[in-house]
Amino acid sequence: MCLGIPGQVVHMLAGYGDQLALVDVAGEQRKVNVGMLPEETFHPGDWVIIHMGFVVEKTDKAGADAAMSGLQLMGRGQDTEDPP
């Protein structure tokens with residue numbers, strides 16, 4: 001697993017060499033490039049891991065949940081209280 005953001009494919013975008021997908025990331029839709037995984041096919045509902053605007057891994061719901069948990073765990077290392 002890499003450090004990336006999980007998202008769910010909404011649909012593939014026409015044109016662009018068939019390398020762009022519209023992906024839902026935490027309720028926000030983003031265009032991401034799937035060209036780094038030419039051997040994969042992408043369909044609505046597929047889960048992916050995104051890094052720097054590129055899909056770097058195709059995963060499942062459990063993998064997406066694990067990635068999000070890792071990101072949330074990293075955020076817990078920050079102080080949440082105001083300094084005295």
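The legends below describe close-up views of a predicted model. Local features in this predicted model need pLDDT of at least 70 and side-chain atom pairs count only at pLDDT 80 or more, while totals for chains, interfaces and linings use all residues. Residues are numbered from 1 along each chain as its sequence is written, and side-chain values use heavy atoms, with hydrogens and water left out.

View 1. Strands here are DSSP runs of E with at least two residues, numbered from the N terminus. Asp-46 has a relative accessibility of 17% and therefore counts as buried, a word that stands for under 20% relative accessible area, calculated with a 1.4 Å probe on protein chains only. A polar atom of the Asp-46 side chain lies 2.7 Å from the backbone nitrogen of His-43. Beyond its neighbours within four places in sequence, Asp-46 is in contact (heavy atoms within 4.5 Å) with Gly-7, Gln-8, Val-9, Thr-41 and Lys-58.

**View 2. Lys-58 over the face of Phe-42.** Lys-58 is placed at 5.3 Å from the ring centre of Phe-42; for a charge to sit over a ring, NZ of Lys or CZ of Arg must be within 6 Å of the ring centre and within 35 degrees of the ring normal.

**View 3. The largest nonpolar core, with 11 residues in all.** Such a core is a set of buried Ala, Val, Leu, Ile, Met, Phe, Trp, Tyr and Cys residues joined through side-chain atoms within 4.5 Å. Its members include Val-9, Ala-21, Leu-37, Phe-42, Ile-50 and Val-55. Two or more residues are given to this core by each of β2 (20-25) and β4, and the largest share, three residues, comes from β2. When residues up to four places away in sequence are not counted, Val-55 touches, among others, Val-32, Val-34, Leu-37, Phe-42, Val-48 and Ile-50.

**View 4. Asn-33 in strand β3.** The relative accessible area of Asn-33 is 18%, so this residue is buried. Asn-33 touches Gln-19, Leu-20, Gly-53, Phe-54 and Val-55, again without counting residues up to four places away in sequence.

**View 5. The hairpin formed by β4 and β5.** β4 and strand β5 (residues 54-59) pair in the antiparallel sense over five bridges, where pairing requires that DSSP finds at least two bridges between the strands. The bridge partner of His-51 in β5 is Phe-54. Two residues lie between β4 and β5, and Met-52 in the turn has a positive phi of about 55°.

Technical notes. Buried < 20%, exposed > 50% of the residue type's maximum accessible area, 1.4 Å probe, protein only. Polar contact = N/O pair within 3.5 Å; in protein donor to acceptor, adjacent residues only side chain to side chain. Helix = DSSP H or I, 4+ residues; strand = E, 2+ residues; numbered from the N terminus.
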